[in-house]
Amino acid sequence: MLFFQCKKEGQLAIDATKQEAKEDVVKLKKKVLDTFKITNGYDFPVGKPDAKRYYNAQGFQENYHLGDDWNGVGGGNTDLGDPIYAIANGYVSFAEDIEGGWGKVIRMVHHNPDKSKTESLYAHCSSILVSEGQYIVKGTIIGTIGTADGAYLAHLHLEIRDVLNLPIGPGYSEETEGYLNPTDYINNNR
């Protein structure tokens, strides 16, 4: 003789819902762990990882410049379309063509091991290969070097900021609060 114990249909539905909820939480935790990456050092955005075959044509605070302008050693537009790499693990907070002297711009937020955050800004891109909200690992190609739609000869304008979400800004200023020297920051945080 066999005996079966049956739960009421309502209880079965509740048990199934609880199990699905547990599975969803596990999937969410795994997704967050898979995508959220603390920085593990910084590299240069061109000539991965050490800017090989590139030079800094206009450094931080030259002529009140708020970033570094990376050019290929061939000069002119020889670096047009070359890859731009994420300088560190982080997420894309902005990726749009804002036109004018900036052209296509990518902004990324980086969570550092000391719990501080920095933001990198890549401007004058020919193409954007990432989407807002996407988590990116250091060294991933995020875009290509451009001319800001013909405004300049090809180069990458890179800024690093220790104040998040500042306005895009003019690219030049005597006031440097919130801006870091990109080359120094990268070299000191390898």
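Which backbone oxygen does the side chain of Arg190 reach?

Guide: The model is a predicted one. In it, the side chain of Arg190 reaches the backbone oxygen of Pro49, at 3.1 Å. Arg190 itself is placed in the segment after H3. At a relative accessibility of 41%, Arg190 counts as partly exposed, because that class lies between the limits of 20% and 50%.

The surroundings of Arg190 can be described residue by residue. Not counting residues up to four places away in sequence, Arg190 touches Asn40, Gly41, Tyr42, Asp43, Phe44, Pro49 and Asp50. For one of these, Phe44, the separation from Arg190 is 146 residues in sequence, while the C-alpha to C-alpha distance is 9.6 Å.

Tyr42 and Tyr185 make up an edge-to-face pair, with 5.1 Å from centre to centre and 80° between the planes. This pair links distant parts of the chain: Tyr42 belongs to the loop between helix H1 (9-35) and helix H2 (47-51), Tyr185 belongs to helix H3, and 143 residues separate them. Tyr42 and Tyr185 are both buried.

A further pair is formed by Tyr91 and Tyr135, whose ring centres are 5.7 Å apart; their planes stand at 50°, so the pair is tilted. Here too distant parts of the chain are linked, with Tyr91 in strand E4 and Tyr135 in strand E7 (residues 135-136), 44 residues apart. Tyr91 is partly exposed, with 26% relative accessible area, and Tyr135 is also partly exposed, at 33% relative accessibility.

Tyr91 is in turn one of the contacts of Met108; leaving aside neighbours within four places in sequence, others include Ala86, Val92, Thr118, Tyr122, Ile136 and Ile142. The largest nonpolar core has 27 residues, and Met108 is among those that touch the most other members, together with Trp70, Ile106, Tyr122 and Ile142. At least two residues of this core come from each of strand E4 (90-97), strand E5 (104-111), strand E6 (117-128), strand E8 (141-145), strand E9 (156-161) and helix H3 (182-188). E9 provides the largest share, three residues. Another core, of six residues, lies apart from it and includes Phe94, Trp102, Val105 and Ile168.

Terms used: Residues are numbered from 1 along each chain as its sequence is written. This is a predicted model: local features need pLDDT of at least 70, side-chain atom pairs count only at pLDDT 80 or more; totals for chains, interfaces and linings use all residues. Side-chain values use heavy atoms; hydrogens and water are left out. A nonpolar core is a set of buried Ala, Val, Leu, Ile, Met, Phe, Trp, Tyr and Cys residues joined through side-chain atoms within 4.5 Å. Buried means under 20% relative accessible area, exposed over 50%, partly exposed in between (1.4 Å probe, protein chains only). Helices (H or I, at least four residues) and strands (E, at least two) are DSSP runs, numbered from the N terminus. Contact means heavy atoms within 4.5 Å. A polar contact is a pair of N or O atoms within 3.5 Å; within protein, one must be able to donate a hydrogen and the other to accept it, and residues adjacent in sequence count only if both atoms are side-chain atoms. Rings of Phe, Tyr and Trp (its six-membered ring) pair if their centres lie within 6.5 Å; planes under 30 degrees apart count as stacked, over 60 as edge-to-face and the rest as tilted.
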